[in-house]
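Here are my notes on the structure you asked me to look over. Keep the picture open beside you and take the points one at a time.

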Amino acid sequence: EAAVRTHCRGGSGRRLRVLEICGGDGAFAERLLLNLGDACEQYTLFERNAKLTEDARRRLASFPAVCVRQQDCSAVGDEGLGWALHDGRVGALEERSSRVDVCISSGSVLCSQVGRPLDAERVLESIADSLVDEGTLIATGISSSFLHPRILHRAGFTVVQGSHPKALTQCAASPGG
């Protein structure tokens with residue numbers, strides 16, 4: 001939430017378009033949307049688990065800007081996440097207005113909690129293609145990340161803030177502390 005407030009303003013008074021991958025039951029989306037208020041124009045949540053997708057749809061039903069889709073982000077093909085994000089409209093991502101300002105990836109396919117190392121770079125490239133110029137990826141989780149500066153730079157990202165020291169991020173749910 002703090003990273004969205006700090007790094008993710010739409011600029012020129014424009015409202016944010018957000019993509020959350022592996023969004024679970026929508027609990028984070030709900031909290032963020034309540035805090036963003038009308039600063040969010042569009043919020044698309046992808047979740048591969050059918051039950052969690054339904055839970056997210058119920059939880060977020062009162063937010064008109066939200067679209068919840070059952071989508072396995074690790075299974076993106078050549079068309080990438082943008083194709084799924086825009087319902088397969090050919091050329092949709094060629095227009096700046098059809099891209100998102102921020103992608104939130106918390107405990108997602110970019111981490112060992114859910115994904116595989118071989119999928120991470122492909123998904124990261126697809127996320128980069130779905131973002132506006134100067135867009136933001138917020139990638140976090142309690143498990144080891146597959147991200148490192150080399151693949152971030154290959155995908156066109158510039159790291160604004162890297163990992164926090166382990167002492168700041170320890171929690172009971174984290175494997176091995």
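Which side chain meets R59 in a salt bridge? The answer is in point 2, after a word on where the values come from.

1. **Before you start.** This is a predicted model, in which local features need pLDDT of at least 70 and side-chain atom pairs count only at pLDDT 80 or more, while totals for chains, interfaces and linings use all residues. Residues are numbered from 1 along each chain as its sequence is written, and side-chain values use heavy atoms, with hydrogens and water left out.

2. **The R59 pair.** The partner is E30: the two side chains meet in a salt bridge at 2.9 Å, N to O. A salt bridge here is a side-chain nitrogen of Lys or Arg within 4 Å of a carboxyl oxygen of Asp or Glu. The pair links distant parts of the chain, with R59 in helix α3 (residues 50–59) and E30 in helix α2, 29 residues apart. Helices (H or I, at least four residues) and strands (E, at least two) are DSSP runs, numbered from the N terminus. R59 is partly exposed at 32% relative accessible area, and E30 is also partly exposed, at 24%. For these words, buried means under 20% relative accessible area, exposed means over 50%, and partly exposed is in between (1.4 Å probe, protein chains only).

3. **Other salt bridges.** The structure holds 6 salt bridges. Another bridge joins E121 and R154, with closest N and O atoms 2.7 Å apart. E121 lies in helix α5 (residues 117–130) and R154 in helix α6 (residues 149–154), so this pair ties together parts that are 33 residues apart in sequence. Through shared partners, salt bridges also join D25, E30 and R59 into one network.

4. **The sheet.** In what order do the strands of the open sheet lie? The 5 strands follow the order β3-β2-β1-β4-β5, with parallel pairing. Two strands count as paired if DSSP finds at least two bridges between them. β3 and β5 (131–140) stand at the edges with a single partner strand each, so one side of each has no neighbour in the sheet. The twist averages 15° from one strand to the next. Axes are lines fitted to C-alpha atoms, for helices over the stretch in contact, and angles run from 0 to 180 degrees between N-to-C directions.

5. **Strand β1.** Look at β1 next: 6 of its 6 residues are buried, so the strand is largely enclosed by the rest of the structure. L16, V18 and E20 are buried on one side, and R17, L19 and I21 on the other. β1 is joined to β2 by 6 parallel bridges and to β4 by 4 parallel bridges. R17 has Q42 as its bridge partner in β2, while V18 stands opposite V102 in β4.

6. **Helix α2.** Which residues of helix α2 are buried? They are A29, L32, L33 and L36, in a helix that spans residues 27–36. Seen down the axis, these residues fall within an arc of 100°, so they line one face of the helix; the arc is that of the directions from the helix axis to the C-beta atoms. L34 and N35, on the other side, are exposed. The buried residues pack against α1 (2–7), β1 (16–21), β2 (40–47), β3 (66–70) and β4 (100–106). After α2 comes G37, whose phi is positive, near 60°.

7. **Residue I104.** Finish with I104, which is in strand β4 and is buried, with a relative accessible area of 3%. I104 and E20 are 84 residues apart in sequence and 4.6 Å apart in space, C-alpha to C-alpha. Leaving aside neighbours within four places in sequence, the contacts of I104 (heavy atoms within 4.5 Å) include V4, F28, Y43 and I138.
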